Amino acid sequence: MAKVEYKDMIKFVHEITEVHNLFKGLSLAPLKSFEGREIEPLMEYETKLASGFRRLYHVEEDSKIEKICIGELHYMKRAIYSSFSMTPTKDYDLPMFMVEFDQSPPWVSVTVDFFPQVDIAVYDDYRVKYLDPLEPLWNKYKEIPGITEGDRCLVGRRFAPWAWALTTLSPYVIDGKVREQEDRYRALEAAVEYARVWLKLCSIAEPIKEKAYQEEVLVRRRQIRQYYEERDPGVEVSKKIFGEERAEMSMGLLF
Amino acid sequence: MAEIVWTPYLEKMRELLSPLDLKEVREIGGEDLSPIMDFRTPKCHGSFKTYRANKIEKLTLGSLYLDEEGHYGMCTIWPQGEYELPLYFSNWEEKAKEVLTLVDFTPTVDLLMNEPYRKKYIDEAISPLWNKFGTLPGIQPAPYAFVRGMCSINYTCAVVPVTNEGMRLVALQPHLEYLKVYLKLLKESESIIEEKRRWEVNRKRAALSHNYRKNFIPRVKKSLGVTMGENMANLLIIMLF
């Protein structure tokens, strides 16, 4: 199996924003702070170990999208860790769109998903409305080698060591380790296609009407965020690069 | 072609359940269960029974044979409402060349929000089995999204290719191993004291029952409904969920 050298790795943000032109038609405005925290130091950085950037946007005249966060971290000219999220405002129960695309020479560790904001075993209609539109894409992209190998489908198993993380995933998660360059591009395509579905779902999302339901959504969302801020193994790497406080803030921006 | 010797799903499951003092249930919600307790149609035959037992509100177990085409087995265990224990859920679909095998401890709380529950009933109870059976040939996500959405994070599902006859018993192992653990947990379980927790568990149990029925009934209409009759297929879903 071919290893992919750093120079040939996918420039994730360029691909999403320029090649696939994903945000065409959206009036993106940069955010400089979020929930009272200055995020300037994370926007563009260069340390001994890494360089990178992160863009945080809100969408002008849009009450549904809270923020879009996208970035790349280049680690010692050996690896590129990219992340991309889109989250709804507190008045909407849209799932949280999440992508992790971590490239190293042997493989890209990829997760693409819509994190549900409610327990879908209780709220079955939520699954039908917000998650089932992913079914054709899931069936298409779960066959990428590394997501499925031979007869053995690995969907969901990359997260296996972290049970808390498994609880955040939807039934349509694309998750695995993809090796070949061609397949890496297909995994990127999966991220783009999932994102397009999410943006389309924004148009049918209605504001939450019931206070109790909204509270349930917000509590669950806080829990998801807390899990990743405190436990994601990536935070440890970020701490070495940015220091403790900025590392947690960096993870928090995604959720 | 040699006649297929179907896997003794029912017998093996019964063997494990034998220490329970099972009391047969003859009706659910006014529905008479006797037609499904022993049935034969031109296309299939089988038997499904529902029981009650100490700490168990409803235990349904049975199997169905589609002549030479297939053998289906199902088992669900619903603890009584005052116990927080997950549901035991087992689905077996055996054909000449492959077996679809699915087994789970379906949580009765939101696993994301209730970490102690997750640790006790999933991480410590079935995660070792999930890892053990993670290399079963044909391991894959459950085919229906609504099932994946209701199952725990450690359900085992595979479409096991029958490359030799021994593979049938290999495919049965997860059902038996999960059941052994379940019965141990059942024995140890104590009723919920906290009112808030009881409300949470009962809300989810009601949702699971409602949503499993809602999603399965239209699907079995097109599958089991054709062979065993629509009314009987509906009855089966009501017994199971």
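Two residues are taken to be in contact if their C-beta atoms, placed from the backbone, lie within 7 Å. This is a predicted model, in which local features need pLDDT of at least 70 and side-chain atom pairs count only at pLDDT 80 or more, while totals for chains, interfaces and linings use all residues. For making selections, residues are numbered from 1 along each chain as its sequence is written, and chains are lettered from A and ligands numbered from 1 in the order in which they are written.

**Where the chains meet**

Begin by selecting the residues through which the two chains touch: 23 residues of chain A and 26 residues of chain B take part in the contact. On the side of chain A that touches chain B, at least two residues each come from α3 (124–131), β11 (152–153), α5 (163–166) and α7 (211–231) of chain A; here helices (H or I, at least four residues) and strands (E, at least two) are DSSP runs, numbered from the N terminus. Of the elements on this side, α3(A) gives the most, with three residues. Colouring this side of chain A by class will show ten nonpolar, four polar and nine charged residues, where Ala, Val, Leu, Ile, Met, Phe, Trp, Tyr, Cys and Pro count as nonpolar, Asp, Glu, Lys and Arg as charged, and the others, Gly among them, as polar.

**Chain A as a whole**

Among contacts in chain A between residues at least 6 apart in sequence, 61% join residues at least 24 apart. Buried residues make up 42% of the 255 residues in chain A, a residue being buried if 20 or more other C-beta atoms lie within 10 Å of its own, exposed if 12 or fewer, and partly exposed in between, with C-beta atoms placed from the backbone.

**A covered strand**

Now select strand β8 (residues 96–103) of chain A, where eight of its eight residues are buried. In a regular strand the side chains alternate between the two faces of the sheet. From β8(A), A:Met96, A:Met98, A:Glu100 and A:Asp102 point one way, whereas A:Phe97, A:Val99, A:Phe101 and A:Gln103 point the other way.

β7(A) and β8(A) run antiparallel and are joined by seven bridges, and A:Ser85 stands opposite A:Met98 in β8(A). Strand β9 (residues 108–115) of chain A also runs antiparallel to β8(A), with eight bridges joining them, and A:Phe101 stands opposite A:Val110 in β9(A). β8(A) and β9(A) form a hairpin with four residues between them.

**Two loop residues with positive phi**

Move to A:Glu35, in the loop between β2 (33–34) and β3 (37–38) of chain A. Phi of A:Glu35 is near 50 degrees, a positive value in a residue other than glycine, and A:Glu35 is exposed, with 8 other C-beta atoms within 10 Å. Then select A:Lys77, in the loop between β6 (65–75) and β7 (79–88) of chain A. A:Lys77 is not a glycine either, yet has a positive phi of about 50 degrees, and A:Lys77 is exposed, with 11 other C-beta atoms within 10 Å.

**A glycine in chain B**

Finish at B:Gly62, found in strand β6 (residues 56–66) of chain B. B:Gly62 is buried, with 23 other C-beta atoms within 10 Å. Not counting residues up to four places away in sequence, B:Gly62 touches B:Leu10, B:Gly46, B:Ser47, B:Phe48, B:Lys49 and B:Met74. The C-alpha atoms of B:Gly62 and B:Leu10 are separated by 6.4 Å, although the two residues are 52 residues apart along the chain.

Note on methods:
Two strands pair if DSSP finds at least two bridges between them.
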